[in-house]
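Start with the strand pairing, then move to the metal sites and the domains.

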Amino acid sequence: MKAKELIEELNIGGFAPEITCDTVKSGDPETELKKVAVTMFATVDTVRAAKSWGADMIIVHEPTYYDHMEVIIPSIVEERKKALIEESGIVIYRYHDHMHHREKDQITEGELHYLGLEGDFERTPYSASYILKTKTPINALELAKRMEKELGIAHVRIAGERDKKSSTIAACFGTPDGVYELLRDENVEIVLTGEACEWKLAEYARDAAALGINKSLIVMGHIGSERDGMRLLAKRMQEKYTSFETKYIECGEVYMYTDK
Ligand SMILES: [Fe+2]
Ligand SMILES: [Fe+2]
């Protein structure tokens with residue numbers, strides 16, 4: 001199978017936007033595939049790891065050059081990274097919009113799957129934000145600990161109510177629209193997100209809890225909140241495709257800590 005044929009198959013599903021960031025960023029789409037790496041970010045280290053594994057293609061969720069539509073603003077970093085990628089000859093394909101805009105958001109599905117949160121999630125008016133009604137009530141502390149254990153996030157942060165049981169959770173993985181609006185929704189008890197504006201979102205949750213309202217904001221980090229969607233994609237590709245090998249490459253969280 002060629003890279004362009006795999007891309008065509010991945011994109012089946014009724015989502016065909018006029019403008020999308022889901023394009024080939026580097027390499028030749030005619031490349032015959034033997035090894036395909038799946039990762040969250042094409043970091044310098046994941047490109048090197050893919051290269052030493054012998055990958056022909058890397059499927060990523062996020063931009064490689066720090067801009068959503070990959071408009072490259074030249075500096076020594078972009079120049080060196082581009083040289084590294086071009087020298088590798090690997091096809092890089094960004095798979096972002098299709099992941100989120102399927103009938104069922106594939107990133108959200110992956111996160112909830114590996115988190116072991118059962119219950120259906122429903123769309124909200126906000127793109128890539130969902131409401132989950134959990135079968136078993138859970139509090140923010142238990143949920144954060146589960147994220148650290150099952151998703152490997154080094155430090156999950158909680159603002160607001162930590163201990164009261166909740167069953168209405170807004171899943172706003174990454175940094176989608178509607179996080180503030182869903183946090184303010186009286187029916188929503190816990191909001192999960194990748195990145196948050198502290199002075200606005202976290203302080204709203206803190207005040208809400210201090211006023212006796214069951215409201216929490218859980219900040220997972222951008223990578224921690226989305227990479228499991230790519231992990232699930234890699235697993236499904238391993239099961240579906242036998243003409244090439246698929247491997248999930250972990251890009252790791254972007255921050256380091258003093259204790260880990
Ligand atoms: Fe994202
Ligand atoms: Fe995303």
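In β8, I138 has S166 as its bridge partner. The model is a predicted one. Strand β6 covers residues 130–138 and strand β8 covers residues 166–172; the two pair in the antiparallel sense over 5 bridges.

Strand β8 also pairs with β9. Here the strands run parallel, joined by 4 bridges, and β9 spans residues 190–193. In that pairing, C172 stands opposite T193 of β9. Strand β8 is mostly covered: of its 7 residues, 6 are buried.

These strands belong to an open sheet of 6 strands. The order is β5-β6-β8-β9-β10-β7, and the pairing is mixed. At the edges sit β5 (121–123) and β7 (157–160), each of which pairs on one side only. From one strand to the next, the twist averages 25°. Helix α5 (residues 106–115) packs on this sheet and touches β5, β6 and β8. The direction of α5 makes about 160° with that of β5.

| Ion | Protein donors | Donor distances | Spacing along the chain |
|---|---|---|---|
| iron ion (ligand 1) | E62 (OE), H222 (NE2), E226 (OE) | 1.9 to 2.2 Å | E-x159-H-x3-E |
| iron ion (ligand 2) | H61 (NE2), H100 (NE2), E226 (OE) | 2.0 to 2.1 Å | H-x38-H-x125-E |

Which residue coordinates both ions? E226 does, and the iron ion (ligand 1) and the iron ion (ligand 2) are 3.3 Å apart. H100 lies in helix α4 (residues 97–101), while E226 lies in helix α9 (residues 222–240), so this pair ties together parts that are 126 residues apart in sequence.

The site of the iron ion (ligand 1) has E62, H222 and E226 as its protein donors. Among these, E62 and H222 link distant parts of the chain. E62 is in the loop between β3 (57–60) and α3 (76–88), H222 is in helix α9, and the two are 160 residues apart.

H100 has 6% relative accessibility, so H100 counts as buried. E226 has 2% relative accessibility and therefore counts as buried as well. The cut-off behind these calls is under 20% relative accessible area.

**Domains and their contact**

The domain assignment gives domain 1 as 3–101 + 225–248 and domain 2 as 106–219. Taken over C-alpha atoms, the centres of domain 1 and domain 2 are separated by 28 Å. How many residues are in contact across the boundary? There are 14 in domain 1, in contact with 19 in domain 2.

Between domain 1 and domain 2, the buried area is about 1400 Å². Carbon and sulfur atoms give 50% of that area. On the domain 1 side, H100, S225 and D228 lose the most area to domain 2. Together they account for 37% of what that side buries.

Terms used. Residues are numbered from 1 along each chain as its sequence is written. Chains are lettered from A and ligands numbered from 1 in the order in which they are written. This is a predicted model: local features need pLDDT of at least 70, side-chain atom pairs count only at pLDDT 80 or more; totals for chains, interfaces and linings use all residues. Side-chain values use heavy atoms; hydrogens and water are left out. Two strands pair if DSSP finds at least two bridges between them. Axes are lines fitted to C-alpha atoms, for helices over the stretch in contact, and angles run from 0 to 180 degrees between N-to-C directions. Contact means heavy atoms within 4.5 Å. Donors are N, O and S atoms within 2.8 Å of the metal (3.2 Å for Na, K and Ca); water is not among the atoms, so sites may look incomplete. Buried means under 20% relative accessible area, exposed over 50%, partly exposed in between (1.4 Å probe, protein chains only). Domain bounds come from an automatic or database domain assignment. Buried area is the accessible area (1.4 Å probe) that two parts lose on being put together, summed over both.
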